[in-house]
Amino acid sequence: MNGFKKIASLAITALLSVAVAACSSGAPAASGPAQTTAASSGPKSGKLTVWAWDPTFNIYAMKEAEKIYQKENPNVTVEVIETPWDDLQTKLTTLAQSRETKQLPDIFLVQNNAFQKNVINYPDLFADYSTAGVDFSQFPAGVTAYSTVEGKNYGVPFDNGTAIQALRTDVIKEAGYTMADFTDITWSDFLTKAKAVRAKTGKPLLSGQAGSSDLIMMMLQSAGASLFDADGKPTITNNPALLKSIDVYKQLVDAKVLTEVNSWDEYIGTFVNGQVAGTVNGVWIMGSIQTAKNQSGNWGITNLPKLDGVDGATNYSANGGSSWAISPNANSALAADFLSKTFAGSADLYDTILPSSGALANWLPAAKSSVYSQPLKFFGGETVFSKVVDFSTKVPTNNTGAYYYEGRDAVSTAITKILNGTDPSAALDEAQKTVEFAMK
Amino acid sequence: MSLTLARPKGARPKPDRPARERRFGLEQGRSLTGWLFLLPAALLILWMNFWPMIQAFILSMQTGRGTRLNFADPLWYNYQRLFSDEIFKLTLQNTLIYLVIQVPIMLVMALILANLLNDRNLRFKGLWRTAIFLPCAVSLVSYSLVFRTMFATDGLINDMLLGLQLVDSPINWLGETDTARFVIILGLLWRWTGYNMVFFLAALQNIDYSTIEAAKIDGAGPLRSFWYVTVPQLKPMILLVAIMSTNGTIQLFDESWNLTGGGPAYTSMSMSHYLFELSFQKNPNFGYAAALSYAILIIVAVLAAIQMKVGDKRD
């Protein structure tokens, strides 16, 4: 080719290579240099990096905590990098597996259900809170249990996963019911009333993702039962609470008072668009419910129905929730101090974040403040926050263990089969075998 | 290879050198230069491709969770475990179903489309070619998500079917095994037909028009000339496209992950998706996941070998 074309093609190639090189050098910064003063006297300084998701709740809370901590320690800065949970879990696994723990941030948020798995498999990722001065008795025992391994605490509970039953008060009123009729009841009672509501208004009271075991897991935990025993062995077969939960679920689906959809967006859409008149999920679902501005004032919150005929059944449960973990990098002492003074020690922080983000945390002393007992117009003027904090103290503990996700997925598969007609005990036997195989 | 060098005029012919000294003569010098040019790229490939492959193989012989890996006893324990893993067998079945149904249909469609677009008298050729090739320019994740929305219970497809009164109630596309697999196959067909069509178009350009003319003169209709004249000359390209498609379909991941999420109870999950689950979502079992990746490699290699044997009949 002639001279000009040669030069032009060389120039373009050079430009592209530079662009590719520039794009690939975007690795996250490692944590800042450790400048924590050993003694707790005197203001501290340093930079903390945080990985968390949800800019409207977790990240917002972390930035507010930074402001509060900076009152005493103006030289401490907190840098938050937004990382969705799926990505965060993949990053943790990759860093731990390739032993690059230096690239961990100082603080990161971990789903409660995944805590055991990560601590047991990758202890190098975590520093424990034994010298941090955090009073764990100020958090509900059921929640700290998620991040406690062999007696040591590895997480400060934050995002509250206490389960609630949220219903459209205007819809149930048409069938002659109020929220009190759905409080402290059993699931068989719920089924009867839900059928009546459906007959009168044509609307189901619940919806959920097909093949998702969330609701059944909540029912299971409400009876203090789990998929694993304290030693980590699967207890999927011969689990009366699980059998009963699946049976209740099947009855709800068959009576068409629970609609099954195929994705998370569809599920949110069912109650936001008014096709379904309620939902049972963690308290964090309130944020999604409140996006339906035209339904303001027509929602009520109460506790869950309990399982009939099962020992230890209660009206309280949990779904999800997350806790702050610290990595054993240079800044871990500063990070621990930061968390103990803010998320585990500052009523101001919780007062600030509650009205703006509308979601609850786990720290019990925060519940005593006046902000928590403010009525919420969307939910019929009730003081829902103090209600839910009260629920959270009554949630039974459950065992998650390192194989929790295997257990959940196996039970989800079993549920799909049972809804298509397979015998429940046989399906659960198969699920147990799948989990035992995965644990080998 | 020996090259006769053109000697500049007036130069004396070089005296015959003894054989020993011819080792670093000009030809060897040239091939040495060639090797030197290849060396950086070859080293890079060795370091970034082959060394990780070897490491993965070593990993596949280890058991244990997280970073607590030890060599398995016996060494092939993970591979043995694959045979008794019900979920793996299900994902293998799913992937093979996609392979057997989707690839032949796609190749036939691509072949027909390429033949149609190769017609000399077709107008707006550029437009048709672009339109059929355009799906390939779309990212796998984007189109999977769009398909998922389209085939939702209250999505576009159900709305259309209900509106045209072809069905009485919305079909639960992604919630039933057969329809979930159908949606994935449909997505794959939409995405990759254009890509393979371009390969066939290129091959068709190389076919001597005189052969087709000869067939016309002999009285062959379009179908017969297509089958007996065009296709045999396209055999090498069909083989290439078949091997590439097989390779791609067996390694399927994005559609399984984004479109159906593994479908109802693992019934539309592909092997690579299961591999990802084992590594990052469940309790990390990297040794077993590495063994699974080698299983995928073996399957692809075996199928490619079979296809080469059947299709590659070079004289």
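What covers the buried residues of α4 in chain A? Among the elements doing so are α3 (85-97), β3, β4 (148-149), β12 and α15 (404-419) of chain A. This is a predicted model, in which local features need pLDDT of at least 70, side-chain atom pairs count only at pLDDT 80 or more, and totals for chains, interfaces and linings use all residues. Residues are numbered from 1 along each chain as its sequence is written, while chains are lettered from A and ligands numbered from 1 in the order in which they are written. For the complex, the predictor reports an ipTM of 0.80 and a pTM of 0.83. Chain B has an average pLDDT (the predictor's confidence in each residue, from 0 to 100) of 88, and 91% of the residues score at least 70.

Back to α4(A), then. Helices (H or I, at least four residues) and strands (E, at least two) are DSSP runs, numbered from the N terminus. Nine of the ten residues of α4(A) are buried, so the helix is largely enclosed by the rest of the structure. A residue counts as buried if 20 or more other C-beta atoms lie within 10 Å of its own, exposed if 12 or fewer, and partly exposed in between, with C-beta atoms placed from the backbone. The buried set includes A:Phe115, A:Lys117 and A:Val119.

Pairing takes at least two DSSP bridges between two strands; β3 (residues 107-111) and β12 (residues 322-326) of chain A run antiparallel and are joined by five. One of these links A:Val110 to A:Ser323 in β12(A).

Elsewhere in chain A, β7 (residues 163-168) pairs with β11 in the antiparallel sense over four bridges, and A:Arg168 sits opposite A:Trp299 in β11(A). Along β11 (residues 299-302), A:Trp299 and A:Ile301 point one way and A:Gly300 and A:Thr302 the other, and all are buried.

Between the chains, 26 residues of chain A are in contact with 20 of chain B, contact meaning that the C-beta atoms of two residues, placed from the backbone, lie within 7 Å. On the chain A side, α3, α4, α15 and α16 (424-439) each supply at least two residues. The largest share, six residues, comes from α15(A).

In chain B, the axes of α8 (residues 209-217) and α9 (residues 222-250) come within 10 Å and cross at roughly 145°. The contact involves B:Thr211, B:Ile212, B:Ala215 and B:Lys216 of α8(B), together with B:Ser225, B:Val229 and B:Thr230 of α9(B).

Finally, B:Phe199 is found in α7 (residues 177-205) of chain B. With 17 other C-beta atoms within 10 Å, B:Phe199 is partly exposed. Leaving out residues up to four places away in sequence, B:Phe199 touches B:Met237 and B:Val241. B:Phe199 and B:Val229 are 30 residues apart in sequence and 18 Å apart in space, C-alpha to C-alpha.

Terms used:
Axes are lines fitted to C-alpha atoms, for helices over the stretch in contact, and angles run from 0 to 180 degrees between N-to-C directions.
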